[in-house]
Amino acid sequence: MRDLMLSLGVDRWVLPALLAWPIVAGVFVRLLGRDVSRDDTGAEAPSGGPDARVLTAAALVVEAALAVALWGVYDPNGRGWQARVDLPWLADLGATFSVGVDGLSLPMVLLTALVMPLTVFGSWDNVRVRTPAFGALVLLLTSGLMGVFVSLDLLLFYLAWELMLIPTYLLVGVWGAAGQSRASLRYVLFTLVGSLLMLVAIIALWSLAGGETLHLDDLAQLPLPQTAQLLMFGAFFAAFGVKSALVPFHTWLPDAQSAAPTLATVTLGLKVGAYAILRFAIPLFPAAATHETVRTVILVCSVVAIVYGALLAMAQHDLKRLISYSSISHLGFIMLGCFALTQQSVQGAVVSIINSGISTTALFLLAGMLEDRRGTTALPAFGGLARVMPWFGVMLTVVMLSTVALPGTNGFVGEFLVLIGTYADRPVLAVVATSGVIFAAAYGMRALQRVLFERLDESANGALVDLSGREKAVMMAFAVAIMYLGIVPQPLLKRVERASLDLIEAVRFGPNAPATLPPVSLSR
């Protein structure tokens, strides 16, 4: 099958198509799509034109098919960039339209491409006003996300990074619940400050390169003094740390996810910043990333995030906020893996990014389904739902067990690799981080108890309708992914392994490699 796709030249056009198709489709959705309702009262819209939600979902299904094709042409035994396309762009600035994937970015592309249509189908009735504009923004956001994962030119990456900002701000600010204005403003202010610092660092890199190139491969070979690396790494890390909501940059995330519509909560929960740290911050500035003080501070902050996020999740009385703080705790594991810089930890960090995207998305979808039926996600408002919504109860249990990293689920694989890899270098931090697994079990089981198994003492809960056929299909897809990646993780691990080893080698042996290196184990 791979040979057939290669003969059709799929590897030469699939990445530009992944970037361009959502933008083109978004224009058609905005111009041709029919709004579901005429106004906020839910009055039926006049006939004419297809439902904008149908057009949006169809466009995202095509995007998912393109991502599956990319997965099919990728050679897991190959090294370096694959499906690479280099086109002239801004020659005077040394910028090119350069895109490609490796074992770090390929899983992120596939995850995003599959999660987006599933989220639309799973939250079908969550947004019922101004749906053409909503669908167009969702598609524009999809293009921005894809651009972040496949860009090899720093200017192209920065444009894609900023492209995520505007649609997300509007999705939260226009279609959000109570408090959306404050939440969307905080999101913009936090992320914009970090992005501007990153832009300054990109300009500085470009200047040090003689104004001739902005390509990641070229800039990674540019010799930089340690002071310059520390300053520019700080600027990049500020942008990516804020976007990831790493403690102490996390305060905007629970408010934004609580107020946002379901689809925006999902995209806010994707660990785009953590991916960008692995792709750009560490390879470009290895001496800064492995500086003993810098590295120790980040590792300690990661462990603090694991414990602090889990404890705050235990204290929440709202399901959405519980999931949000749980996501912050999981990010701590990811950052711990990134900066432990062993083969197992980096591989585990990438796998955890993927697994968090699956489990957190599924949880927010289930929370959104509850909110659509009941008008709230406050935990005290529920109880005994396992009796009236058995399908919902089963799905919530499966996904929550994945979130608490039960062996046999996808969540266990990534966290186990991170802890094993971290223990080889920082055993004390690894032991403390392990307590996060215990706290996760506490808040996860507590949430299940309160929502599913306490007394059914409110008449409104007794009248709730179980998952529809569409919702069952969506949640079954997540359940299959959770079990498959938990039992058969090798196809994902095989694609991630070589890229993670290449990253560690670049940190240890590149032109900017630090004089004093952390211990690391490499095996090919």
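The axes of helix α9 (residues 226-244) and helix α12 (residues 272-284) come within 9 Å of each other and cross at roughly 175 degrees. Helices here are DSSP runs of H or I with at least four residues, numbered from the N terminus; axes are lines fitted to C-alpha atoms, for helices over the stretch in contact, and angles run from 0 to 180 degrees between N-to-C directions. The pair α9 and α12 is therefore roughly antiparallel, a term applied to angles over 145 degrees. On the α9 side, the contact (heavy atoms within 4.5 Å) is made by Gln229, Phe233, Phe236, Phe237, Phe240, Lys243 and Ser244. Gly273, Ala274, Ala276, Ile277, Phe280, Ala281 and Leu284 make the contact from α12. By class, this contact of α9 with α12 comprises 10 nonpolar, 3 polar and 1 charged residues. Ala, Val, Leu, Ile, Met, Phe, Trp, Tyr, Cys and Pro count as nonpolar, Asp, Glu, Lys and Arg as charged, and the others, Gly among them, as polar.

The model is predicted; local features need pLDDT of at least 70, side-chain atom pairs count only at pLDDT 80 or more, and totals for chains, interfaces and linings use all residues. Residues are numbered from 1 along each chain as its sequence is written, and side-chain values use heavy atoms, with hydrogens and water left out.

The loop between α9 and α10 (252-259) contains Ala245 and Pro248. Ala245 has a phi near 65 degrees, a positive value in a residue other than glycine, and is buried, with a relative accessible area of 0%; buried means under 20% relative accessible area (1.4 Å probe, protein chains only). Pro248 is joined to Val247 by a cis peptide bond, with omega about 15 degrees. A positive phi of about 65 degrees also occurs at Ala405, which is not a glycine. Ala405 lies in the loop between α18 and α19 and counts as buried at 8% relative accessibility.

A search of the whole structure finds 8 cavities of 30 Å³ or more. A cavity is a set of points, on a 1 Å grid over the protein atoms alone, where a 1.4 Å probe fits but cannot get out, and lining residues have an atom within 4 Å of a point. Grid points are joined across faces, edges and corners, and a volume is the space filled by probe spheres set on the points. The largest cavity has a volume of about 150 Å³. Its lining includes Arg53, Trp124, Phe134 and Leu263. Helices α3 (52-73) and α5 (131-150) each supply at least two lining residues, and the largest share, 4 residues, comes from α5. The lining of the largest cavity has 7 nonpolar, 4 polar and 1 charged residues.

The second largest cavity holds about 110 Å³ of space. Of the 13 residues that line it, His330, Ser352, Asn355, Ser356 and Glu415 are the closest to its centre. At least two lining residues come from each of α15 (319-340), α16 (343-374), α18 (390-403) and α19 (410-423), and α16 gives the most, with 5 residues. By class, the lining of this second largest cavity has 2 nonpolar, 10 polar and 1 charged residues.

Helix α19 also contains Thr422, which counts as buried at 0% relative accessibility. Thr422 and Phe339 are 83 residues apart in sequence and 8.8 Å apart in space, C-alpha to C-alpha. Not counting residues up to four places away in sequence, Thr422 touches Leu336, Ala340, Thr342, Ser345, Pro427 and Ala430.

Conventions
1 Å grid on protein atoms, 1.4 Å probe; cavity = no way out; pocket = protein on both sides within 12 Å on 5 of 7 lines; lining within 4 Å. Parallel < 35°, antiparallel > 145°, perpendicular 65-115°, else oblique. Buried < 20%, exposed > 50% of the residue type's maximum accessible area, 1.4 Å probe, protein only.
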